[in-house]
Structures are given as structure tokens and as C-alpha cells.
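Please read it with the sequence and the structure in view.

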Amino acid sequence: MEKNLQARLAERQRQSRYRQRRLISSAQGPEIRVGGKLLLQFCSNDYLGHAAHPALAEAMCAATASHGVGSGASHLVCGHSDLHHQLELRLAELTGRDRALLFSTGYMANLGIIAALLGRGDQVLEDRLNHASLLDGGLLSGARFQRFRHNDLADLESRLAALPDKGERLVVVDAVYSMDGDQAPLVELAETSARHSAWLMADDAHGFGVLGAHGGGSAQHFQLGQQELPILMGTLGKAVGSFGAFVAGSETLIESLIQFARPYIYTTAMPAAVAAATLASLDLMASESWRRERLHRLIQSFRERADAAGLPLMPSVSPIQPLLVGDEDLAMSISAALEERGVLISAIRPPTVPPGSSRLRLTLTAAHSDSQVDRLLDTLVEVFRRVAPELLFRQSSSD
Ligand code: PMP
């Protein structure tokens with residue numbers, strides 16, 4: 001085993017795909033301390049700037065005093081507190097669903113949902129660019145697993161039309177793609193799925209809190225109810241700024257997950273204090289719509305200015321604004337040159353993205369100031385001119 005692992009590690013290194021962690025010694029925010037150095041960061045998913053907000057911290061401290069740190073057990077044993085319960089009610093209300101169910105992480109939610117609903121003899125169809133946890137859930141379920149071309153309704157339609165007339169059918173997509181930032185055409189996907197008697201599941205990890213009139217996410221944005229989008233999954237560690245995940249849907253769906261979703265049943269409940277911090281975050285989302293508005297203004301102005309400067313934007317309307325580089329080593333060099341100048345943006349390489357599409361995954365948040373975004377653009381232009389001038393004005397930013 002040891003020898004084999006060492007060989008695999010060496011191979012990773014040889015491919016320049018070795019991943020390394022950074023040591024962060026500050027709270028989340030536009031500026032973070034990395035290895036003792038303060039960097040301006042554009043790589044977190046804290047889209048609303050809630051992760052270090054005092055309202056969340058105070059709620060968490062108060063609930064730690066009343067409920068302790070550990071939840072002690074799984075939800076089904078004795079870990080399900082009144083705070084978890086309140087949070088589930090709030091999430092159901094915000095998403096306009098019968099019920100919501102908390103999971104300890106989004107990864108576990110996706111594994112749990114798909115594997116609980118499908119088995120041998122069933123069919124799962126997933127967008128090619130779905131998050132790893134959705135793909136893993138599809139494989140784990142034992143259902144026949146197919147991937148359709150990204151956001152390609154015609155490809156999905158023809159695959160659905162060719163399915164045998166037995167077993168359940170589930171279409172699974174990201175509502176906002178985590179490495180591209182583009183949206184799924186959820187209205188059309190709902191129609192296509194319904195026409196072929198398939199249920200639709202959307203992972204709204206990157207839309208929840210950001211999209212929709214009240215931050216209720218992609219379903220609220222597209223006004224898709226439970227009927228059209230029966231399985232809505234969202235995470236709490238991104239725009240919401242806390243930790244964990246949820247699924248929202250019908251009474252039958254939620255009861256089935258409580259009974260059959262193994263990553264729900266066999267894991268410790270998130271701490272009650274995390275649920276309390278999440279409730280405080282939902283209060284902020286309701287009372288401070290300026291954060292969503294500011295974020296959308298920043299996205300628009302960033303795109304206009306980046307486009308004018310010739311930066312290789314991708315067609316994204318979300319806070320995820322990747323810059324397409326292509327070559328893995330070049331993406332790493334650009335990221336390193338940015339970091340030398342005090343700007344942190346991580347390079348994303350295969351296998352996370354398809355070969356030849358390495359990129360800088362840049363994310364904007366409501367907490368970034370105008371002058372920080374000015375500095376971002378100035379530094380990007382300087383670095384691209386110096387390290388990769390051939391990429392400037394190469395891509396069109398069509399959206
Ligand atoms: N789905 C998507 C689209 C994600 O981006 C992520 C997080 N990277 C997850 C699921 C997993 O969520 P969590 O971090 O809560 O496990």
C-alpha cells in the first residue's frame with residue numbers, strides 16, 4: 001500500500017496537479033491572513049459576507065451557552081434540537097416547500113438524496129458538469145447512470161426518450177455551476193423532465209442566498225414550485241455563511257429521506273449552535289437585501305470592466321466569474337503572480353475541470369469594496385500582460 005500510494009503521489013506531482021492547502025489565520029472576509037501575510041482574496045463562497053458577521057457569531061455563542069457544543073448524536077437518536085427544528089421550518093418557508101431537512105454537509109446531502117431515491121433498475125441523468133457529490137451520488141445509487149451534455153436540452157430529451165419504460169427516472173443538475181458560474185435552464189429542464197415522467201433535482205449551493213427576490217435561490221428566481229422542481233437542495237456554508245445543507249420538498253420526499261438516506265441516518269447532527277447561527281443569517285438575508293443588490297451591481301460592473309480590458313471572461317451571471325486560461329501550468333503561474341502582488345485567486349485544474357480548461361476561479365462578495373475590486377482589475381491586467389498577454393482579447397465574453 002505505502003509504495004503504491006507514494007507512486008500515485010509522485011504521478012500527481014509529475015502532472016503538476018498536486019494540490020496544497022493554505023494556512024489561514026484570520027476570519028473570512030475580503031482580506032485574510034495566509035501564512036502570516038494579509039491577502040486580498042477573491043476565492044471564498046461567502047457571497048454575502050455573512051461568514052464572520054457579528055450577528056451570526058453572537059447567535060452561535062448564545063446557543064453554545066444554552067445547547068452546548070456537540071449535538072451528541074444523530075438526528076434520529078437524540079441530536080435533533082429545537083434549533084434544528086426551527087431552522088427546518090424557516091428553510092421550508094423561504095423555499096416555498098412543504099418541508100425541509102438538514103444534512104451535516106452538502107456532499108452528504110447529495111449522496112444521501114440520490115442513493116435513497118434510486119436503486120438498481122432506475123435511471124439517473126446528470127449534467128456533465130455537475131458537482132462531484134452529485135456524480136458520486138448517482139454512481140452510489142446503483143441506478144443506470146448517464147451524463148448529458150452541459151445545459152443541452154436536446155441531448156437530455158433524446159436520452160430520456162430512449163429510456164426503457166420501467167423504473168424511476170431522475171434528472172439531476174446544478175442550478176448554478178460551481179466552476180463556470182452559469183445557470184441551468186431550470187424552467188425548460190422542469191418541462192422536459194415532466195414530459196418524460198422524470199423527477200428533477202437541483203443543487204442550489206451557489207444560488208441559495210444570492211438569487212431570488214428574498215434570497216430563496218434559483219427556484220425563487222425562476223418561480224419554480226415543488227411540483228415543477230420536486231427536489232431542491234441547498235448548502236449553508238456558502239452565501240449563508242455557516243455550515244451544513246438542506247433539502248426541501250414534499251412531505252413524502254422528506255419522510256423518505258429520514259427513513260432511507262444513510263448519510264442522514266448514520267451521522268452526528270450539526271451542532272445546534274450552527275443551526276442558531278444559520279437562523280441569524282436568514283434574519284440578515286431578510287433584513288439586508290442591500291447585500292444581494294450590492295453583489296449583483298459588483299458582478300455587473302466587474303464584467304463590464306474586465307471585458308473592456310480583454311480578460312478571458314466566461315458566460316457567467318453569478319458571483320463566480322472564472323477567467324479561462326486553458327493550460328494548467330499557465331493557470332498556476334498566473335495565480336502565483338497574483339499572490340506575489342497580494343491578490344489571492346485559486347487556479348482550478350483537472351480533474352476538477354475538463355482537461356484544457358484550467359482557469360482562475362474568481363468570486364465576488366458583497367463585502368468587497370469598490371476600491372478592492374479596482375485593485376483586483378488593475379492587478380489582473382498587469383499580471384495577464386506580463387505572464388499571458390496572448391489570452392487578452394482572445395475569448396469573447398458572450399452571455
Ligand atoms: N454542491 C455544490 C455545487 C458545491 O459547490 C458544493 C461545495 N463545494 C457542494 C455541493 C458540497 O457542499 P458542502 O461543502 O456543504 O459539502
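In this predicted model, arginine 19 sits in the loop that runs between helix H1 (2-14) and strand E1 (31-34). Arginine 19 has 8 other C-beta atoms within 10 Å and is exposed, because a residue with 12 or fewer such neighbours is placed in that class. UniProt, in an unreviewed entry, marks Arg19 as "binding site", together with His131 and Thr352.

Histidine 131 belongs to another loop, the one between strand E4 (123-127) and helix H6 (132-141). Unlike an exposed residue, a residue with 20 or more C-beta neighbours within 10 Å counts as buried; histidine 131 has 23 of them inside 10 Å, and therefore it is buried. Apart from residues within four places in sequence, its contacts are Asp174, Ser178 and Asp203.

The unreviewed UniProt entry also gives the feature "binding site" at Gly106, Tyr107, Ser178, His206 and Thr235. These positions span 130 residues in sequence, but no two of their C-alpha atoms are more than 13.6 Å apart, so they gather at one spot.

Two members of this group can be followed in detail. Glycine 106 is part of helix H5 (residues 106-117). When neighbours within four places in sequence are set aside, glycine 106 is in contact with Ser133, Ala205, Thr235 and Ala245. Among these partners is Thr235, a position that the UniProt record also lists under "binding site".

Histidine 206, by contrast, is located in the loop between strand E7 (199-203) and helix H9 (218-221). Not counting residues up to four places away in sequence, histidine 206 touches Val176, Ser178, Lys238, Ser318 and Ile320.

| Residue | Class | Other C-beta atoms within 10 Å |
|---|---|---|
| Arginine 19 | exposed | 8 within 10 Å |
| Glycine 106 | buried | 25 within 10 Å |
| Histidine 131 | buried | 23 within 10 Å |
| Histidine 206 | buried | 29 within 10 Å |

Which residues come nearest to the ligand? Of the 14 residues around the ligand, these are Thr105, Gly106, Tyr107, His131 and Ala205. Helix H5 supplies three residues of the shell, the largest share. Sorted by class, the shell around the ligand contains three nonpolar, nine polar and two charged residues.

Technical notes
Residues are numbered from 1 along each chain as its sequence is written. This is a predicted model: local features need pLDDT of at least 70, side-chain atom pairs count only at pLDDT 80 or more; totals for chains, interfaces and linings use all residues. UniProt positions are given in the numbering used here, feature names are shortened, and annotations may be inferred rather than shown by experiment. Helices (H or I, at least four residues) and strands (E, at least two) are DSSP runs, numbered from the N terminus. Two residues are in contact if their C-beta atoms, placed from the backbone, lie within 7 Å. A residue is near a molecule or strand if its C-beta atom, placed from the backbone, lies within 6 Å of it. Ala, Val, Leu, Ile, Met, Phe, Trp, Tyr, Cys and Pro count as nonpolar, Asp, Glu, Lys and Arg as charged, and the others, Gly among them, as polar.
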